[in-house]
Every structure is written in structure tokens, then in C-alpha cells.
Amino acid sequence: MTARSADPTAHGSDPGPGGDGLPAAGPAASGLRRARRAEQLAQLLQRASALANESADTDTAFGQAVRDMCETMVWPAGQALTLGEVGQLRPAGPVHLQDRRHARSAERLDEIAATGGHPADQVVASGQAVWIRDLDADGQDADAARQDATGWLGFPVIADGDVVAVLQFISDEESEPDEDFLQTVGAIGRQLGVLVERNQARAGLENLNEELERSNRELEQFAYVASHDLQEPLRKIVGFAELLVERYGDQFTGEAAEFLGYVIDGAHRMRQLIQDLLAYSRAGRRRPHLGPVELAEVADAAIADLQTAVEESGSAVTVEDPLPRVHGNASELRELLVNLLSNALKYRSDSDPRITVRAARQPDGWWRLTVADNGIGIAPDQQQRIFEIFQRLHGQGRYEGTGIGLAICTQITNHHGGRLWVESTPGEGSAFHLTLPPAAELSENSDG
Ligand code: ADP
């Protein structure tokens, strides 16, 4: 990085009296000044890296960096300018005036910001620090009181390889910035750039999350409205088709009776699909209260719900004790278990159905709840698909259903912050696993 001077007379090696207030002459004095300068630069860099690590808001960090520079270098005024989307420089905050006697310095910086940023635009164009010994050298402000500081220094903040901001200062430095100084401001600019990158990444992620939530809400709303509105015309189709059979059934013979049967079957099935879609969208809109739940009680209730099916299928359902207490919602978990257990009953093989419910503590403290069966099993390449809405592996003729159960189970698991998956070997059986948070480690009043 090199400094450039807009004033050709500015180049020279005369150290001159600096902002540090030390005398200009004498080897001892200049050694002292060098040592003090090195200390100042180290301090500045340290503060900038602390800022980059701690500060959440970019503009606040820029403002603090400007204040630190002015205080440490004893410069009259400073300000951060950020580069807008169309390349114009705008103040990131008000001018910091280090010393009230230098009010004119603040005005100069304001003027630079107000008139399109020149000479800060040189910093943007070069990506490097720019030093101007005398802002008035071009005669624009030749009448200004000469006791005012008229030097100017700007250096870039660089994020992802681009200049995103310029820190500009009025300084009373008489000599061109040396290599140490340039390296320091280069490093400060990069530190602040890291902060900008981090904030941009975070903002990007937040936007993406908001967008995702919005589109999910829209989808749920759409599913709800569509399924709700479809019910009415369907009710008419079913009602009148059934009326036809009831009143004129004897007039339908042969193919006509067969076709009418298909109409009624199809309408019933559509009604079931719409009801399931409604149930799914309602489940998605739920924000259930989570609290301590005894899984043993939930499992008993779910098995009781399915008592008839269990008895009819001659199944053995075993709950392995003790099921834990988890952080969850009892009615959602009961619905989930009813779905998993009824699938285990439905997709049984020829051998005597055996179903097990068990829980195991995971290394991270969460619980893994498992519903395992010795049923028909699921082919490995289908084990993801079944969790999607309306995805089924078998035709209606063989097993009844609409493919909604596991989609609702996924929603319920998501409400609990957990994960649902299956392990299965075709012909041997399936084990559906889900993770649930433990009750003890979370506040009992928490809403999750
Ligand atoms: P449905 O049972 O109404 O079809 P689900 O969403 O509950 O809907 O299940 C989706 C598909 O996953 C089922 O059609 C079935 O093919 C498969 N499946 C679910 N549970 C089991 C199980 N325990 N054993 C074998 N296959 C299963």
C-alpha cells in the first residue's frame, strides 16, 4: 500500500512537528517519537481487532474506529463513509470532532461527504490509503484561516476484495505517511472488512430464513384455503351421486352401475385426500405448547386408541420400560405414536406382528424414541420419500391410506426440534426413530 499525495509539494523527508506534539528536532527526540508512534500504531491495531470481534453493528464499529484513530493520533476530526449500491459515498455517521477548536475540520469532512466524496473517491478507485498534505492547495479554500489543520487522510475498509467504506480524517500531519503507518491502517481496514463480511453473511442468512418462513406460511395458507374451498363442490358431487343411487339405483344396470360406482369411490377418496390435506396444513400451523411429558402415559393412550386394530390383527405391542419424561406436547406425541403404530399394524407381513416401543438416551442428552415392527419393510431407495406428503409405496387395493401420516409425524417432530427417520430391511421390518429433548434439562415453563 502506498500513500498518494494530491499535493506534489507534499513529498519530502522532513519529519516536521507531528500530531503527537513532540519537538521536531534532535536525534533523541526523533527516537522517542518513533517509539511513541510504534506504540500508537500497535494500540490502534489492537483496538480495531477487538472492535471487529466484539461489535455487532457495522456503522457503530466504524464510528468507534474513527474515534480511536482521532484520539490516538490526536487528529482534529474523522468520519466513516460507506459505499452505497450505486457507488456513491455516504456518511456512516456524524463527523467525530476530537477538539472543539477545530470546528472547521468537521465542516471540511461534511463538505467532502456532501459533494460526492472527493478526495475519498480516490481511495475507492485505488483501494489504498490517500494522503493530501493541504486540502486548500488547489486554491478552493485558500482564504481559510491558516491555523486550521488542512491535511487529509483516507484509507479503505476492504471486504471480499472490494472497498466498502472509507475512513477519512483531517490531520495536521506534515509529512507523508511512512510504511509502518500504511501497514497499520491497511490492517485496520482489513479487520473492519472482516466485520462487514460477517455482518453481511449474517444478514443474508436472516433474509433467507425470513423468506423461507414466509414461503412456508404462504404454502400452508394455500393448502388450507384450497382444501377448505374444494370441500364444498365435492360435498355436492358425493351427495348427488349417492342420491342417484338411492333414488334411481335400480335404473342403473351393467356398465352404468359400474361407472357410477367409480364416481362415488373417486369422490370418497378425494374427500379423504382433502381432509388429510387440511389436517396436514392445520398441523403445520400449530405452535404447540411444550412442557414435561411422560412418554409412558402417551404410549399407553396411543395403544388404547388402536386397541381394536391391535386385537383384530393379533399383534403383540410391547412397551419397553421405562419410557422417559421428555420436553414436548402430549397430544402431538400421542398423534405421532398413533400414526407410527397404525402403520406398524397396517404394513405387517405374514409372520405374527410384533411391535416394540422403546427409548434410548443419546450422548447429547436427548432421547431417541423408536417404534419397531417385523413387517414388510421398506426398500432403501424409498426410505426418504415416504416422509413426503401423499407419497405411498403401495396402491389402494393392497393397503388403505393417503400418504399423510408420516408427513404429519415429521411436522410434529419438527415442532419438538427433533428428527425423524427410518431404518428398514425389506421383508424383515422397520424401525422408525425420532429424537426428543429431555424434560429435565429445559425449563418447565419454556415454550420451546
Ligand atoms: P399411508 O400409510 O397413509 O400410506 P404414511 O405417510 O403413514 O401414509 O406412510 C407412507 C408410506 O410409507 C406408506 O404408504 C408405506 O408404503 C410406507 N410405510 C409407512 N410405515 C411403514 C411400515 N411400518 N412398514 C412398511 N412401510 C411403511
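This is a predicted model: local features need pLDDT of at least 70, side-chain atom pairs count only at pLDDT 80 or more; totals for chains, interfaces and linings use all residues.
View 1. At least two lining residues come from each of α5, α6 and α10. Sorted by class, the lining of the second largest pocket holds 8 nonpolar, 7 polar and 5 charged residues.

**View 2. Helices α2 and α5 meet in a right-handed crossing.** Helix α2 covers residues 58–73, and helix α5 covers residues 179–248. Their axes come within 10 Å and cross at roughly 165 degrees. That angle makes α2 roughly antiparallel to α5. From α2, the contact takes in Thr58, Ala61, Phe62, Ala65, Met69 and Met73. Their partners in α5 are Phe181, Val185, Ile188, Leu192, Leu195, Val196 and Asn199. The residues of this contact split into 11 nonpolar and 2 polar, with no charged residue.

**View 3. Helices α9 and α10 pack with a left-handed crossing.** Helix α9 runs over residues 330–346 and helix α10 over residues 405–415. The angle between them is about 145 degrees, and their axes lie 9 Å apart. On the α9 side, the contact is made by Glu332, Leu333, Glu335, Leu336, Asn339, Leu340 and Asn343. On the α10 side, Gly405, Leu406, Ile408, Cys409, Ile412, Thr413 and His415 take part. By class, the contact of α9 with α10 has 7 nonpolar, 5 polar and 2 charged residues.

**View 4. The largest pocket takes its largest lining share from α9.** About 760 Å³ of space lies in this pocket. The lining counts 31 residues. Nearest the centre of the largest pocket are Asn343, Lys346, Tyr347, Glu400 and Gly401. Helix α9 contributes 6 residues to the lining. At least two residues each come from α6 (254–285), α9, α10 and β13 (429–436). The lining of the largest pocket divides into 10 nonpolar, 15 polar and 6 charged residues.

Technical notes. Residues are numbered from 1 along each chain as its sequence is written. Side-chain values use heavy atoms; hydrogens and water are left out. Axes are lines fitted to C-alpha atoms, for helices over the stretch in contact, and angles run from 0 to 180 degrees between N-to-C directions. Helices (H or I, at least four residues) and strands (E, at least two) are DSSP runs, numbered from the N terminus. Angles under 35 degrees count as roughly parallel, over 145 as roughly antiparallel, 65 to 115 as roughly perpendicular and the rest as oblique. A crossing is left-handed if the near helix is turned anticlockwise from the far one by less than a right angle, and right-handed if clockwise. Contact means heavy atoms within 4.5 Å. Ala, Val, Leu, Ile, Met, Phe, Trp, Tyr, Cys and Pro count as nonpolar, Asp, Glu, Lys and Arg as charged, and the others, Gly among them, as polar. On a 1 Å grid over the protein atoms alone, a cavity is a set of points where a 1.4 Å probe fits but cannot get out, and a pocket is an open set with protein on both sides within 12 Å along at least five of seven lines; lining residues have an atom within 4 Å of a point. Grid points are joined across faces, edges and corners, and a volume is the space filled by probe spheres set on the points.
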